[in-house]
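Hi,

Here is the structure I said I would pass on. Have a look at it first, and my notes on what turned up follow below.

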Amino acid sequence: MHVELDPGFAEPPLGFAPAPSRDGPDRLARLQLFRSRRVGPVTFQRLLSEHGSAQAALEALPEVARAAGVERYAICPEGVALAEMKAARRAGAAMLCLGDASYPPLLARTPDAPPVLWAMGDLGLLHRPAIALVGTRNASSLGARMATRLAADLGAAGYVVVSGLARGIDTLAHLAALKTGTVGVHAGGLDVIYPAENSNLASDMAKCGLRLSEQPFGLDPQARHFPRRNRIVSGLARAVVVVEAAARSGSLITARIALDQGREVLAVPGHPMDTRASGCNMLIRDGATLVRNAQDVLEQIGMPNAPDARPDPPPEPPHLSPQQAREPAEAAARAPVSSDSLSKRILTRLGPSPTAEDQLIRDLGLPAPEIARALAQMELAGSIERRPGGLLTRCV
């Protein structure tokens with residue numbers, strides 16, 4: 001059965017943290033909920049916070065969808081989730097649920113943390129300080145040497161190196177950090193090696209590193225899956241180092257997501273005439289730290305166990321409009337807007353170009369929880385789509 005997935009990026013319910021998964025039925029229910037149509041990470045957290053448990057959220061989901069205008073909504077069948085769990089057991093993969101002690105702590109503090117992760121390898125790497133190292137698939141000779149040296153030196157300093165298992169810079173970073181600790185994040189299922197040429201690397205990482213995926217087993221990666229993977233890569237790390245990247249590249253998407261997550265972004269400069277360096281040069285122009293060697297990285301973010309090498313703070317909630325900040329009582333007393341009316345107002349302000357959710361809240365001048373509830377219903381109805389970095393677009 002085809003399970004439609006939705007990115008589900010936005011702000012989760014303020015102050016909500018999922019409880020640890022209790023038992024087998026609860027873990028099954030969480031996987032069913034996450035695999036249900038149009039339930040992304042943030043919608044998952046909102047449903048969990050409103051209904052108290054994954055099972056209660058599953059039971060309420062058809063009615064929630066009906067209220068959003070979706071008739072005959074069907075949750076992910078239990079058999080589909082059970083088959084995925086059996087595939088994980090056959091592969092020797094562990095299931096990490098958001099809220100569990102084994103879940104990576106920095107990633108758990110991001111607003112769009114995956115509700116479920118499949119992991120294969122050394123889980124202890126998730127609780128060591130990490131740096132993400134990303135870059136072009138078509139690395140130059142100098143870029144390849146730089147990526148290898150950076151990964152090896154940062155690993156020797158005590159950092160785990162995180163990347164996306166792609167060819168080029170990602171592959172070189174993983175290879176150089178195999179002995180000291182490396183984590184690779186799949187864009188597709190954990191059993192789908194992409195590119196296929198990295199099969200040996202993936203096998204080695206399952207033995208002495210770690211591989212992660214939020215996707216179902218057997219899922220071939222598609223274009224929309226790579227930004228989702230990228231926000232996990234940056235979410236696991238204290239900082240993101242870009243070695244070589246074109247002006248329009250997935251590595252720059254990772255850098256932008258990292259900034260949204262409050263991570264440090266660093267970049268290796270390159271010759272102005274080399275298109276593979278244009279993205280890095282742009283990042284440096286816009287304020288990223290220039291990197292010549294691993295020492296530059298360590299001076300910026302500190303040694304792994306140094307007191308000043310602090311994890312990032314929790315993401316801040318969307319800012320209220322100036323009027324709401326000055327007049328909270330008046331804002332709270334404002335008469336509620338009907339859901340249909342609010343949905344129409346939201347749609348008039350959205351187009352095919354992404355709009356930031358906090359900007360939408362400021363423009364509408366309504367309480368953030370009221371708008372968030374409307375957005376959750378509109379997401380289930382398929383009238384809006386969430387993008388990385390808390391962006392929204394109107395579905396055509």
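Predicted model: local features only at pLDDT ≥ 70, side-chain atom pairs only at ≥ 80, totals over all residues.

**Around Leu266**

Neighbours within four places in sequence aside, Leu266 is in contact with Ala239, Val240, Val241, Val242, Ala288, Thr289, Val291, Val297 and Gln300. The residue belongs to strand β8, which covers residues 264-267. Leu266 has a relative accessibility of 0%, so it counts as buried.

**The chain as a whole**

You are looking at 396 residues, and 54% of them are buried. The secondary structure comes to 17 helices and twelve strands. If we take the contacts between residues at least 6 apart in sequence, 73% of them join residues at least 24 apart.

What is the backbone of Leu165 doing? Its phi is positive, about 60 degrees, although the residue is not a glycine. You'll find Leu165 in the loop between β4 (160-163) and α7 (169-176). Is Leu165 buried or exposed? Its relative accessibility is 5%, and because the cut-off for buried is under 20%, Leu165 counts as buried.

Beyond the neighbours within four places in sequence, it takes in Asp170, His174, Gly184, Val185, His186, Tyr194, Pro195, Asn198, Leu201, Met205 and Arg211. As for distances, Leu165 and Val134 are 31 residues apart in sequence and 9.6 Å apart in space, C-alpha to C-alpha.

Pro195 is located in the loop between β5 (182-185) and α8 (199-208).

**Another positive phi**

Arg38 also has a positive phi, near 65 degrees, and is a residue other than glycine. This one is in the loop between α1 (24-35) and α2 (41-51). Arg38 has 17% relative accessibility, so it counts as buried too.

**Helix pairs**

Two packed helices are described by the angle between their axes and the distance between the axes.

- **α1 and α4.** The axes of α1 and helix α4 (residues 78-91) come within 9 Å of each other and cross at roughly 110 degrees. That makes α1 roughly perpendicular to α4. The crossing is right-handed. On the α1 side the residues are Leu28, Leu31, Gln32 and Arg35, and they meet Glu78, Ala81, Leu82, Glu84 and Met85 in α4. By class, that contact has five nonpolar, one polar and three charged residues.

- **α6 and α7.** Helix α6 (residues 141-156) packs against α7 at an angle of about 35 degrees, and the axes are 8 Å apart. α6 passes α7 in a right-handed crossing. Gly143, Ala144, Ala147, Thr148, Ala151 and Ala152 from α6 meet Ile169, Leu172, Ala173 and Ala176 from α7. The classes here are eight nonpolar, two polar and no charged residues.

- **α16 and α17.** Helix α16 (residues 357-364) and helix α17 (residues 368-381) pack at about 120 degrees, with 10 Å between their axes. That makes α16 oblique to α17. The crossing of α16 and α17 is right-handed. Glu357, Leu360, Ile361 and Leu364 in α16 meet Ala368, Ile371 and Leu375 in α17. This contact has six nonpolar residues, no polar ones and one charged one.

**Cysteines**

How many disulfides are there? With a disulfide taken as a pair of cysteine sulfur atoms within 2.5 Å, the count comes to zero. In case you want to look at individual cysteines, Cys76 is buried, with a relative accessible area of 3%. Cys280 has 0% relative accessibility, so it counts as buried as well.

That's the lot from my side.

Cheers

Definitions and conventions. Residues numbered from 1 in each chain as written. Heavy atoms only, no water. Axes fitted to C-alpha atoms, helices over the stretch in contact; angles between N-to-C directions. Helix = DSSP H or I, 4+ residues; strand = E, 2+ residues; numbered from the N terminus. Parallel < 35°, antiparallel > 145°, perpendicular 65-115°, else oblique. Left-handed = near helix turned anticlockwise from the far one by under 90°. Contact = heavy atoms within 4.5 Å. Nonpolar A, V, L, I, M, F, W, Y, C, P; charged D, E, K, R; others polar. Buried < 20%, exposed > 50% of the residue type's maximum accessible area, 1.4 Å probe, protein only.
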